[in-house]
Amino acid sequence: MSQNAVIYARVSSERQAEEGYSIEAQLDLLRDYAFKFDYKIAKEFIDVETAKSAGRTHFGRMLQFLSEHPDTKILIVEKTDRLYRNMRDYVDLDDLGLTIHLVKEGEVLSNSSTSSSKFMHRIKLVMAQHYCDNLTEEVKKGMNKKASLGEWPSKPPIGYIRDKHNNQLLPDPIRAPLIHRLFTEYSKGIYSLKSLTIFAKNIGLRSVNGKYVNKAGIHRIIKNIIYTGKYFLYKGRLFDNCIHDPIIPIDLYHESQNILNGGCTPKFSKRNFAFRGLLKCEFCGCSLTPDIKKEKYIYYRCTQYKGKCKNTVTEKKLADLFGNVLKKIQIGSDFSIALKASLRESYIDKEDFHKESIKTIRARYDRVRSYLEKAYEDRLDGVIEEPLWRKKSQEWNHELHEIDIQIASHQRANNDYLEMGNRIIEVANEAYDLYLSQSNHERRQLLNNIVSNCTYGDGSLCVTYKKPFNWFAEGSKTEKWRG
């Protein structure tokens with residue numbers, strides 16, 4: 001008797017669907033597979049959406065359908081990358097107890113699959129998500145490049161508008177005077193943020209959406225150094241080469257900050273403790289903070305913020321406990337070799353994807369370049385006037401610059417995929433040895449990359465391993481995948 005199955009196909013953008021990444025090709029492959037193994041196709045689900053966008057419509061409908069039809073337990077899909085967008089998708093499907101057929105990868109995954117197969121599949125999923133995140137990161141690098149040239153790369157803050165010709169910030173003729181007035185009044189020291197919010201409403205300060213600015217928005221404005229025209233803060237980094245005009249003088253900004261901060265200055269410890277900021281008390285949830293006794297013995301004790309607590313441990317004991325935590329992610333040379341081989345197979349698919357993507361992007365580059373050259377000839381022939389030529393050439397040159405960033409992003413992401421995967425495996429095996437030889441600062445960085453939610457109590461250390469190190473630890477504990 002034929003078993004019911006569903007088919008899922010996806011391309012990661014509408015452009016892919018239009019330019020050769022055919023849904024029909026996927027469906028033909030999956031239908032032939034179902035016919036070959038005598039599966040009855042109960043329903044087909046298709047998504048044409050960006051891989052990082054929230055809420056794939058038909059993926060969600062597929063989950064609902066499978067939940068409502070417990071007799072359908074087979075899911076047929078081209079390969080791992082077509083099925084999952086993130087870890088949440090994996091968990092949702094795993095909860096349904098399905099048998100998943102990955103046609104191009106020649107794999108069938110189910111509850112009865114070996115631990116080794118499941119482990120390999122999870123690592124591939126983590127690397128696929130890492131690739132997606134890395135590609136996003138490379139695009140962000142292009143934005144950081146703009147920031148390094150003094151150009152604000154994001155949405156203009158209230159008080160500025162963007163010049164359509166050169167993409168630079170310009171003071172908003174309506175809101176910029178109101179921003180200046182806001183800083184002037186606040187620097188007098190007579191307003192709280194709540195009363196300043198009321199003042200902003202009274203003078204007519206609104207966002208670009210026409211709404212009054214709330215207290216949190218006023219706080220962001222007063223803190224924002226971009227209005228000085230000398231500096232701006234982007235992604236935690238301060239840039240000092242702004243190319244936009246100021247709305248307020250730098251002195252007025254500093255006066256406002258003094259009032260906003262109440263004259264308080266942050267305090268920093270001179271001692272570099274190994275586990276500062278990593279630990280919580282298992283009993284009350286307060287932080288464990290380091291303390292020195294007799295100028296040489298280091299203890300970590302509960303801050304007792306929520307009441308009396310005697311939870312205390314020596315730094316030496318913590319060092320041993322964290323060392324044992326790192327030992328648990330060692331997977332051994334034999335399995336490392338097998339895992340790296342699996343990643344190389346997955347890398348081939350990524351490489352093909354990048355080649356096709358770059359080919360498509362370069363075709364768009366050639367089209368825009370031809371527009372630019374044709375317009376230049378028309379300007380020389382007097383077909384178009386100089387103002388129109390300047391406007392269009394700026395737009396096209398800006399688009400060419402954006403395309404260059406996309407091409408570079410794909411090239412770097414493709415190279416990083418395999419390198420990062422291999423590095424994660426190496427870190428898992430070398431973490432303990434590195435830990436023994438590192439300084440306190442380096443130890444803390446290493447632990448922050450591998451574990452989180454660390455608690456201590458009654459001589460025991462509990463941690464949560466970050467992905468994919470949690471699977472290394474799980475595999476090391478059960479040792480099932482070693483076979």
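The angle between α3 (residues 57-68) and α5 (residues 87-95) is about 20°, and their axes lie 10 Å apart. On the α3 side, the contact is made by Phe59, Met62 and Leu63, while α5 brings Asp89, Asp92 and Leu93. Sorted by class, the residues of this contact are four nonpolar and two charged, with no polar ones.

Let us move on to another helix pair, α8 and α9. Here α8 (residues 193-202) and α9 (residues 215-223) pack at about 95°, with 9 Å between their axes. That angle makes α8 roughly perpendicular to α9. The residues that meet are Leu193, Lys194, Leu196, Thr197 and Ala200 from α8, and Lys215, Ile218, His219 and Ile222 from α9. In this contact five residues are nonpolar, two are polar and two are charged.

Next comes a sheet. Three strands form an open sheet in the order β11-β12-β13, and their pairing is antiparallel. β11 (288-293) and β13 (312-314) are the edge strands, each with a single partner, so one side of each has no neighbour in the sheet. On average, neighbouring strands are turned by 30° against each other, direction ignored. The pairing of β11 with β12 (residues 297-302) is antiparallel and extends over six bridges.

Finally, a word on confidence. Mean pLDDT for the chain is 83, and 86% of the residues reach 70 or more. Two stretches deserve a mention here. Over residues 14-20, pLDDT stays under 50, and the model has ten contacts beyond four places in sequence for them. Over residues 263-270, pLDDT also stays under 50, and for this stretch the model has two such contacts beyond four places in sequence. Where pLDDT is low, the predicted coordinates should not be read in detail.

Key
Residues numbered from 1 in each chain as written. Predicted model: local features only at pLDDT ≥ 70, side-chain atom pairs only at ≥ 80, totals over all residues. Heavy atoms only, no water. Axes fitted to C-alpha atoms, helices over the stretch in contact; angles between N-to-C directions. Helix = DSSP H or I, 4+ residues; strand = E, 2+ residues; numbered from the N terminus. Contact = heavy atoms within 4.5 Å. Nonpolar A, V, L, I, M, F, W, Y, C, P; charged D, E, K, R; others polar. Pairing = 2+ DSSP bridges. pLDDT = per-residue confidence, 0-100. Parallel < 35°, antiparallel > 145°, perpendicular 65-115°, else oblique.
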